[in-house]
Amino acid sequence: MVLSGVDVVGVLEVLRLWVGDERFGGSRLVVVTRGAVSVGGEGVEDVGGGAVWGLVRSAQSEHPGRFVLVDVGVDEGVVVGGVGGVVPDVVGLGESEVAVRGGRVWVPRLVGVSGGGVGGGGVVAGVGGGVALVTGGTGLLGGLVARHLVSVYGVGEVVLVSRRGWGAPGVGGLVGELEGLGARVRVVACDVGDRGAVAELVGSIEGLGVVVHAAGVVDDGVVGSLDGGRLVGVLGPKALGAWYLHEVTCGLDLSAFVLFSSAAGVLGNAGQGSYAAANGFLDALAAHRRARGLPGVSIAWGFWEERS
Ligand SMILES: NC(=O)c1ccc[n+]([C@@H]2O[C@H](COP(=O)([O-])OP(=O)(O)OC[C@H]3O[C@@H](n4cnc5c(N)ncnc54)[C@H](OP(=O)(O)O)[C@@H]3O)[C@@H](O)[C@H]2O)c1
């Protein structure tokens with residue numbers, strides 16, 4: 001069966017049906033998106049499709065061989081399903097995910113990269129002057145990156161954002177440390193899943209130069225146990241928050257827009273469908289921004305040793 005043109009919540013509903021109904025036990029579901037992944041550095045048109053990819057990758061980990069992801073290019077004049085369509089051909093390849101561009105089929109493979117790295121300056125090497133906004137800035141990684149921005153990049157002013165703001169544990173110590181390094185620090189309580197609140201927040205920062213989006217929550221569960229409410233609960237701070245930050249900062253001259261994503265989005269961790277969807281969205285948004293000449297990096301972190 002071929003599923004296309006459906007948003008991530010709709011895809012979740014079909015996945016649940018697929019894994020829960022034994023009539024489909026011997027069949028494969030092909031989920032087709034259009035312009036949702038980047039091939040060879042091209043832009044991503046359907047950023048929401050990135051969330052579909054993350055979710056389905058998790059379903060693939062939980063139910064090997066039951067799902068295939070196919071992304072066709074936005075201008076690709078291919079017939080998707082049925083006789084003569086592209087799906088029977090690509091499914092025959094036995095790959096779990098493919099992209100079709102210019103009539104050619106692309107498959108993901110791990111390749112080595114040269115230079116860069118996440119250590120002393122690779123990923124945020126573009127950090128210039130201006131105020132740094134760190135969402136999730138009172139959390140574990142937000143606090144670490146705030147220290148890094150101040151001590152390594154010489155950022156002079158930091159805005160730390162979370163829903164609890166000053167009410168989050170350890171904020172006083174973090175602020176004292178950053179001030180001790182010479183930075184000015186503002187702590188703001190703001191729900192980044194609320195567009196109006198994000199617009200107000202960004203509007204209140206004069207000279208914003210760097211955005212680091214590290215806000216996020218987890219609500220793990222296998223695909224069959226999830227529902228739209230749980231999925232949206234995880235997408236809210238991460239994916240919607242990122243999209244609102246993207247929209248309201250579009251006219252600003254940012255030097256860096258860094259998204260804290262996870263390997264779960266790329267690899268599709270079992271039991272983390274919602275989280276993988278949110279991170280798949282972030283990865284797609286970074287590619288979408290870069291294609292428009294805007295800064296955008298999505299870092300697919302593995303599991304940090306220090307527990308949050
Ligand atoms: N730690 C890891 O091993 C790891 C691995 C891969 C990726 N990551 C990613 O890195 C980011 C940071 O992770 P962490 O380990 O530092 O988690 P954390 O300590 O739980 O921090 C998450 C932060 O997000 C804030 N937050 C949650 N919902 C929010 C909302 N709606 N609006 C504003 N702020 C919100 C939380 O504060 P409030 O609750 O007060 O809002 C908290 O400050 C996350 O996006 C996570 O997915 C982490």
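1. A polar backbone atom of Trp304 lies 2.7 Å from an oxygen atom of the ligand, which is a polar contact in the sense of a pair of N or O atoms within 3.5 Å. Taken alone, the ligand exposes 870 Å², of which the protein buries 89% (Shrake-Rupley method, 1.4 Å probe).

2. The model is predicted: local features need pLDDT of at least 70, side-chain atom pairs count only at pLDDT 80 or more, and totals for chains, interfaces and linings use all residues. Residues are numbered from 1 along each chain as its sequence is written, and side-chain values use heavy atoms, without hydrogens and water.

3. Two further residues place N or O atoms by ligand oxygen atoms. For Leu140 a backbone N or O atom is at 2.9 Å; for Lys238 a side-chain N or O atom is at 3.1 Å.

4. The shell around the ligand has 26 residues, of which Leu141, Arg163, Arg164, Tyr275 and Trp304 come nearest (a residue is near if one of its heavy atoms lies within 4 Å). By class, 13 are nonpolar, nine polar and four charged; Gly counts as polar, and Tyr, Trp and Cys as nonpolar.

5. Helix H4 (140-151), helix H7 (228-249) and strand S10 (256-262) each give two or more residues to this shell, and S10 gives the most, with three. Helices (H or I, at least four residues) and strands (E, at least two) are DSSP runs, numbered from the N terminus.

6. Gln272 is in the loop between helix H8 (263-267) and helix H9 (273-291). The side chain of Gln272 makes a polar contact with that of Asn269 at 3.0 Å.

Notes:
A polar contact is a pair of N or O atoms within 3.5 Å; within protein, one must be able to donate a hydrogen and the other to accept it, and residues adjacent in sequence count only if both atoms are side-chain atoms.
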